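This briefing is meant to be read alongside the sequence and the coordinates.

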Amino acid sequence: MKTILILGGGTGGTIVANRLAHGLRPDDVSIEVVSDSPLHYYQPAQLYVPFGEEDPRKIARSERKLLNPKVNFRIDTISEWIPDKQLLRTAKGENLSYDFLVIATGSIACPEAVEGFVAGADHFYTPEAAYRLYHKLSELEGGRLVVGVGGIPYKCPVAPLEFTLLAEAFLTHKGIRSNTEIVYTFPLNEVFQIASVVPVVRSLFEQRSIRAETFFNLESVDPEKKVVKSLEGTELPFDILVMTPPHKGAAFLRGHPMADNDGWVNTDRNTLRVNGLPNVWALGDTTNLPISKAGSTAHFEAPVIVEQIMATIRRQEPPPGKATYNGHVTCFIDAGYGKATILDFDYDHPPTVYEPDEFRHLQKMAFNKLYWHLVPTAVI
Amino acid sequence: MEGVKIAKESDARGSFCPGPLMEMIRLVRSANVGEVVAVISGDEGSKKDIPAWINKARYELVGTEEVGPGASRFLCRKNH
């Protein structure tokens, strides 16, 4: 009997667990998911909470109910990982050993990492923060809205762009767009990190009179004066500041020999194995790969890991072409006004971006509802 | 770049845009005023991005030097 431990009850961990439970016999393996929460969050829905289009109480479901009954589910927090002993220690004092380990603990928004952020800025990277922002936007009567990215990498690279475009539409519908200035900030010399996406975003910003401030690396927020400052010396006054907080990996991974100081795990870009270990994999936001930290990334990575684990247990070679990740990512960009576009790319093919349209928006809205039935359950 | 004391250096070869630039920003953040930090990059885009960022932030580009096939070292002084 082999023991497979999967750390994390998000998109990546849940798909891996359910696919393994489907493909392996319970007599051969024990599969266990360890998560610090009983809930599975559909995080893309948080983007819509500040605009009153999603109820923050309805964007999470029971992880236990999403998992195949053959998968054990443990609610605990990993406090230490000792690869040499194939051992994990938990906050509740348990020692967990494994034959195979999959790390899918994701990324964590860390607003406390920036001086003044907690007191002076808002974000939408937790349901609670998104709901606080809903109240602030509801009460806004005009002024200056600053939206920006407070550090790279961060979860869902297009989300700050989407928030900016949706906020512009929201303020227009509210009748206060003409007396509200919108400024978007980004750490690099352009408005996005993928060059082929930039012209479409620039065009949308120009059409909607959104000003972009590039090379803006968040340094601090002054909650009293309502000013945000960059490392480059730029200061922007604001009435509402919506910043993507710096992100980090799970606490037990920060500074771990298998990860960097921020907790991003050293991962092979094709096999997804960790640091050359033969029985440990990472996926989704957890990795140090230079690709989007997005649910679709985890979705496309999960089968690659499952095929390798199943082949090892069956003492076979994995099926040709199915055990290699090619960097595939798919992201919708909601542009507001009932229109959206989509980015689809991999390591070798940058995205081709089309003008937002109604069809893509409907597709995104449908996916948001169908997620629960199709993705964690590994139907697709 | 003889005679320049490098306080911190990061070899960012193997990472691609914006990795080397973000590495330079991370080093500058952690450096003391007056110190020189260095990043080695194999990404062609760094030749434009890193000097442009140093200029924007009004730091000093101490120099750029080739350190191997397709790789460059960028030295930046945190002068304020």
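What distance separates the centres of domain 1 of chain A and domain 2 of chain A, taken over C-alpha atoms? In this predicted model, those two centres are 30 Å apart.

**Domains of chain A**
- The domain assignment gives domain 1 of chain A as residues 2–106 + 250–313, and domain 2 of chain A as residues 110–247.
- Between these domains, 13 residues of domain 1 of chain A are in contact with 18 residues of domain 2 of chain A, and the side belonging to domain 1 consists, by class, of eight nonpolar, three polar and two charged residues.

**Helix H5 of chain A**
- Helix H5 of chain A covers residues 159–174, which makes 16 residues, and the 22 Å from its first C-alpha to its last is close to the 22 Å expected at 1.5 Å a residue.
- Just after H5(A) comes Gly175(A), whose phi is positive, at about 85°.

**Interface between chains A and B**
- Ten residues of chain A are in contact with 14 residues of chain B, and the side of chain A that touches chain B has, by class, five nonpolar, four polar and one charged residues.

Definitions and conventions: Residues are numbered from 1 along each chain as its sequence is written. Chains are lettered from A and ligands numbered from 1 in the order in which they are written. This is a predicted model: local features need pLDDT of at least 70, side-chain atom pairs count only at pLDDT 80 or more; totals for chains, interfaces and linings use all residues. Helices (H or I, at least four residues) and strands (E, at least two) are DSSP runs, numbered from the N terminus. The expected span of a helix is 1.5 Å times one less than its number of residues. Two residues are in contact if their C-beta atoms, placed from the backbone, lie within 7 Å. Ala, Val, Leu, Ile, Met, Phe, Trp, Tyr, Cys and Pro count as nonpolar, Asp, Glu, Lys and Arg as charged, and the others, Gly among them, as polar. Domain bounds come from an automatic or database domain assignment.
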